[in-house]
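Let's take a friendly look at some side chains together. Keep the sequence and the 3D view open as you read.

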Amino acid sequence: MPPFSQSKRTAQNAAQAINELESVSQELSGLKDDLRRTQALVQGLWELYKKETGKTDDDLSAVVAEVEERMEATRQEAETCESCGRHLQKRSKACIYCGTLVTKRRLFH
């Protein structure tokens, strides 16, 4: 391959990588905004619930600790493909081994 052709391909690859990086950066920024809104919503819901029920921050901390323990206990439980029985990656839309589309996911573990 001539050096000019290789340099052109390298420049194209670099430009593509920059475009992908910019796209990922924009997506990350959007996710950060979503997280901030979610945090504000959760905080507002907690304040309303606390006011209405008389629950304390310690009550919430205890429940959060219980939920985290359950989540940790089930963290290693992987879902399996309905077709080939192999473990599915989290958030994958199809099995990476056989290509079968994931039809449903567990909402909570």
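## An aromatic pair

Before we start, remember that this is a predicted model. Let's begin with the aromatic rings. The structure has one aromatic pair, and its partners are W46 and Y49. Their ring centres lie 6.0 Å apart, and the planes make an angle of 35°, so the pair is described as tilted.

Where do W46 and Y49 sit in the chain? Both belong to helix 1, which covers residues 3–53. They are three residues apart there, which means that about one helical turn separates them.

The partners can also be described by their accessibility. W46 is buried, with a relative accessible area of 13%, whereas Y49 is partly exposed at 44%.

## A charge over a ring

Now find Y97 in the 3D view. R86 lies over the face of this ring, at 4.4 Å from the ring centre.

## Two cysteines without a bond

A disulfide is a covalent bond between the sulfur atoms of two cysteines. How many disulfides does the structure hold? The count is zero.

For C84, the nearest cysteine sulfur is that of C95, 3.7 Å away. Why is neither one in a disulfide? The sulfur atoms would have to be within 2.5 Å, and theirs are 3.7 Å apart, so they do not count as a disulfide.

Are these cysteines buried or exposed? C84 has 35% relative accessibility and counts as partly exposed, while C95, at 4%, counts as buried.

Conventions:
Residues numbered from 1 in each chain as written. Predicted model: local features only at pLDDT ≥ 70, side-chain atom pairs only at ≥ 80, totals over all residues. Heavy atoms only, no water. Buried < 20%, exposed > 50% of the residue type's maximum accessible area, 1.4 Å probe, protein only. Phe/Tyr/Trp six-rings, centres within 6.5 Å; stacked < 30°, edge-to-face > 60°. Helix = DSSP H or I, 4+ residues; strand = E, 2+ residues; numbered from the N terminus. Lys NZ or Arg CZ within 6 Å of the ring centre and 35° of its normal.
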